[in-house]
Amino acid sequence: MGVTSSTTKEPTALKRIPHDLAVALDPEELDAHDRQWTPLKILIWSVISLLGGLSWVMLAVVRGETVNAIWFVFAAICTYLIGYRFYSKFIEKHIVRPDDRRATPAEYKADGKDFASTDRRVLFGHHFAAIAGAGPLVGPVLAAQLGYLPGTIWIIVGVVLAGAVQDYLILHFSMRRGGRSLGQMARDELGVIGGTAALIATLVIMVIIVAILALVVTNALAESPWGVFSVGMTIPIALFMGCYLRFFRPGKITEISIIGFVLLIAAIVGGGMVNGTEWGQTYLLLDKVTIAWGIIIYGFIAAILPVWLLLAPRDYLSTFMKIGTIGMLAVAIVIIRPEINVPAVSGFATSGTGPVVAGTLFPFLFVTIACGALSGFHALIASGTTPKLIQKERQTRFIGYGGMLMESLVAIMALVAALSIDRGIYFAMNASPALTGGTVQGAVAFVNGLGLTGVNLTPNMLTDMATNVGEESIVSRTGGAPTLAVGLSHIMQQLVGGTSMMSFWYHFAIMFEALFILTAVDAGTRVARFMLQDSLGNFFPKFKNTSWRPGAWAATAIMVAAWGAVLLMGVTDPLGGINTLFPLFGIANQLLAAIALAVCMAIVAKRGLFKYLWVVALPLGFASVVTISASFLKIFSTTPGIGYFAQNRAFANALAAGETSFGTAPNVLAMEAVVRNTMVQGVLSIIFVVLSIIVIVTAIQATVRAYRQRSNATSEDDAVQSQTYAPAGFIMTPPEKVLQAEWDARPAEKKIKVKGH
Amino acid sequence: MTLWAGVRTGARGVAWYLKGLLGEDAYEKYVAHHAASCETDAAGLDRAPHPLLTEREFWRDQTDRQDKNPQGRCC
C-alpha cells in the first residue's frame, strides 16, 4: 500500500463504495443539500445577516459617546459565519475540490504515531492551539492607538478574504502531498531559486519572531517581582510534570495537567505574597537587561534539554490555559459588555505620529496586526502536524478556514480588552520610556500633551491602577502584554472578585501570555536549529546528523545568539524597543504570508484553475503591496521616526557634529547604540524585502508558465482509495447523519478496515 | 434521559475532548492501529513488523520522536 511514485499521472479509479459501505457522500446529493433553501434556513441566515449588518452600522456609522463591546463580538461572529458558509464553500467548490473517496495521509500512511486519523473536532482544537499564541493578543492592542475601527475592519475582513484562505489552502495542498512542509512545496513549485529564498526567509523570520516575542515577555516581567516569581515557577512545575509523566505515570496527561494548573494558580497567589516581602523586592525586582539575559540563557538550556523534560509538559499547560482563558474572556465580555470610549479613527491614523507604533494607517496597521487577520507563520503549522492527522479531505475547510476564524475572534477580544481601559492609561502604558521618562509625572505630562479629546490623565489614575494590579508602576509597560492584562483584569474583576482580585487577574493574564511565549521561544529555537543544521550539512556533512551533540549545541547556540542579539538590542534601545522592532515582526510575518500565498498561486495555476486565481491573487497582491511598501518606508523614508536609515543618518550626523545628546538619547553611548540598532534593523528590512520579491517573482513566473502551457499538472501524491468515512464539519448535515448511522450500525468485527504496512 | 444521565454524558464528552486535545489517547490509537495492521496476518497477532510497544516505551518513543522532529508553535 501507500504512496507510489508520482511519475505515473494516470488517475486511479476511485470508488465511492469500495466495499459494502460508502466512504463519501454523493457530490450531487451534497450540492443539492447546499442549494436547498428551506424556510428555516432562510430565516436563520436572514437573522445572521441582519444582526451582522446592524452591528457594523453600530460600529462604523452611529457616532455616540461610547460604543458597546457586544457589537464587536456580533459583527465578528456574523461576518465569520457568512464568510465560512459562503466564501469558504466557494473556494472549496472551485479551487480545493476535496474528494472524500481519496484517502488522506493519516489513512494511507497510517503508522499509529505521526500519521494518525484524529477526530475532526479534536483536531480543530489541536490546530487552533498550535496557531493561536501571543500574536493575536499583542498586535490588536498596539493598533488600538489608531482608534477602534481600522483594527476591527482589518481583523474581520482580513481573516475572511486573506488569513483563513491562506491557512485553508496550505493545509489542503500539504495534505494532498503527504504532509509536505511549506519549504518543500516552495522548492517543488517555485524551483531552486524561489525555494532557497523561501527557506532563508523562513529561517530569518523565525529568529525575528522569537526575538520579539521574547521582548514582549521581558517588558512584562521587568520591575515586577510578582511576575518574575510566578512565571519563574512555571519552570519547576513543568520539570515536575515532565518527570511525573516519564517515570511515575506515563500517558496520564489530563491528570498531570490538572495538577499543573492547580500549581500554577498557587504560583500566582504565591507571587502576590512574595511581592510583599523584602527578599522579593531585593532579589526579584529585576531590570530589563537582566531579564533579557535570563531568557537568553533559559532559551539555550530549554532548547537542548530533551523534549519530555520541559517543552512537552509546558505545552500541555499552555494548551490548557489557552483554551480556558480565551473561553473565560469570551464569556466575561458577553456578560459584562464593557462600554468603549475611544474614537472610531484617531488622528494618529493619518498623522503617523502615534507614540505606540510609528507610521500612518496604511501600511502600518496591516503589519501591526498580523496574527488574527493574516499570519504567514500559520503556513508552517498548516504544513506541519495538522495535515498528517486529518481523517477526510472535506474536513480541511472546518479545520483550516474555521480554525483561523477562531484565532481572529481571539484578536477581536484582545482589541476589546485593550479598548475598554481608559485611553489616558492606555497611552501612558504604551508610550516608550524615552517619551514618558518612565515616571508618573512624565507620563501624565506626555499623555495630556498629546491633545486627545476626552483624555485627562491624573497621577492618581496611574498610581491607583498600579496598586490595583500589584505592580510598582504601569508607566511605559510597552509590548502589549501588560495592557492586555490590565484590560482583562478590568473586565474579569467586574465578574469575579471586584477590585481586590484585579492583581490576581492581571498576573493570571501575564502568566498565560508568558507560558505560550516561552513555549514558542523554545520550539522556535529548536525548529530554527534543525533548519540551520540542515543547511550547514550541505557544507559540513557532519551537521546533517542531528543527534551529534556538539553540532546540535553549536547550531542551537548560533540561533540563540541571533535572536538574543535582537532581543538585547530591543531592550537597550534608547528609542524604546517595541515601537521600532514591532513593525519588523509584522513585516516578517506578512512576508511569510506572501511566500505561502505565492506557493498557493503557483499550485492553483498549475492545475489550470485560472478563472479562480483571483481568490489567491487578491490576498497575495494585498500582502505584497502592504509589506513591500512598509519595508520601503522603513528603508527609504526620510522621516527619522519611520525610516531606519533616516534615523541612522540623523544620529550619525549628530555624533559627527560632536553633540553629546540627541533626541531621546541622553548621551554619546546611547547615540552610538541608536546608530548600531537602526543599521541592523535597516539591513534586516532589506534582506526580508529582497527575499520576498524573489519568491513573488518566481511565483508569477511559474503562474505565467502554467498559463502559456495550458497546464493541468499537479505535484500531488497519487490518489489512494479511502476505506473509511467521517463527516466534514462540526455539526453533521442530514445526509452525513444518514451515512454515519450506517457506519455506526456495522457489526463490531467489521469496524477496523485498515491495511497493514 | 434524566438530568443526571445528561450531566454524565456531558462530562464524559468533555473528558473525551480534553484527552484528545492534550493527546492522551495517543497510546490507545497506536494500539488500535497495531491491532488492525496485525489483523491481516492470519497466523497470529505478534507477527507485525514491529512488536507492540508497552505504554511506557510508547511514551518515551513519542517524546524522543519530538526531539528529532520539532514542531513550531505560532506567535
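**Two chains, helix by helix**

Student: This is a predicted model. How many helices and strands are there in chain B?
Tutor: Start with the order of elements in chain B. From the N terminus on, they run α-α-α. The count for chain B is therefore 3 helices and 0 strands.

Student: How much of chain B counts as buried?
Tutor: Chain B has 75 residues. A residue counts as buried when its relative accessible area is under 20%. In chain B, the share that counts as buried is 32%.

Student: How much area do chain B and chain A bury between them?
Tutor: The contact takes 61 residues from chain A and 37 residues from chain B. Of the buried area, 61% is on carbon and sulfur atoms. Between them the two chains bury about 4,100 Å².

Student: Which residues of chain B lose the most area to chain A?
Tutor: Look at the chain B side of the contact. Three residues there together make up 20% of what that side buries. They are B:Leu22, B:Arg73 and B:Cys75.

Student: Which residue forms a salt bridge with A:Asp114?
Tutor: The count between chain B and chain A is 3 salt bridges. In the one formed by A:Asp114, the closest N and O atoms are 2.8 Å apart. That falls within the 4 Å cut-off for a salt bridge. The partner is B:Arg65.

Student: Which residues touch the most other members of the largest nonpolar core?
Tutor: This core has 250 residues. Helix 8 (residues 182-221) of chain A gives the largest share, 24 residues. Apart from this core lies another, of 8 residues, among them A:Leu21, A:Ala22, A:Leu30 and A:Tyr725. In the largest core, the residues touching the most other members are A:Tyr80, A:Ile91, A:Tyr401, A:Leu462 and A:Trp563.

Student: Is A:Met511 buried or exposed?
Tutor: A:Met511 sits in helix 23 (residues 502-536) of chain A. Not counting residues up to four places away, A:Met511 touches A:Ser230, A:Val231, A:Thr234, A:Leu264, A:Ile268 and A:Met321. Its relative accessible area is 1%, so A:Met511 is buried.

Student: How far apart in space are A:Met511 and A:Pro343?
Tutor: In sequence, A:Met511 and A:Pro343 are 168 residues apart. In space, taken C-alpha to C-alpha, the distance is 31 Å.

Student: What covers the buried residues of helix 12 of chain A?
Tutor: Helix 12 (residues 288-304) has 17 residues and reaches 25 Å, close to the 24 Å expected. Its buried residues are A:Ile291, A:Ala292, A:Ile295, A:Ile296, A:Tyr298, A:Gly299, A:Ala302 and A:Ala303. An α-helix has 3.6 residues a turn, so residues three or four places apart point the same way. The cover includes helix 8, helix 9 (225-248), helix 13, helix 23 and helix 24 (549-572) of chain A.

Student: How far apart are the end C-alpha atoms of helix 13 of chain A?
Tutor: Helix 13 (residues 311-336) has 26 residues. At 1.5 Å a residue, helix 13 should span 38 Å, and the model agrees. The end C-alpha atoms are 36 Å apart.

Student: Which residue, with positive phi, follows helix 13 of chain A?
Tutor: Most residues other than glycine have a negative phi. Here phi is near 45°. The residue lies in the loop between helix 13 and strand 2 (339-340), and is partly exposed because its relative accessible area is 43%. The residue is A:Arg337.

Student: Where is A:Arg97, and what is its phi?
Tutor: The place of A:Arg97 is in the loop between helix 3 (70-96) and helix 4 (105-108) of chain A. With a relative accessible area of 42%, A:Arg97 is partly exposed. Phi of A:Arg97 is positive, near 45°.

Technical notes
Residues are numbered from 1 along each chain as its sequence is written. Chains are lettered from A and ligands numbered from 1 in the order in which they are written. This is a predicted model: local features need pLDDT of at least 70, side-chain atom pairs count only at pLDDT 80 or more; totals for chains, interfaces and linings use all residues. Side-chain values use heavy atoms; hydrogens and water are left out. Helices (H or I, at least four residues) and strands (E, at least two) are DSSP runs, numbered from the N terminus. Buried means under 20% relative accessible area, exposed over 50%, partly exposed in between (1.4 Å probe, protein chains only). Contact means heavy atoms within 4.5 Å. A nonpolar core is a set of buried Ala, Val, Leu, Ile, Met, Phe, Trp, Tyr and Cys residues joined through side-chain atoms within 4.5 Å. The expected span of a helix is 1.5 Å times one less than its number of residues. Buried area is the accessible area (1.4 Å probe) that two parts lose on being put together, summed over both. A salt bridge is a side-chain nitrogen of Lys or Arg within 4 Å of a carboxyl oxygen of Asp or Glu.
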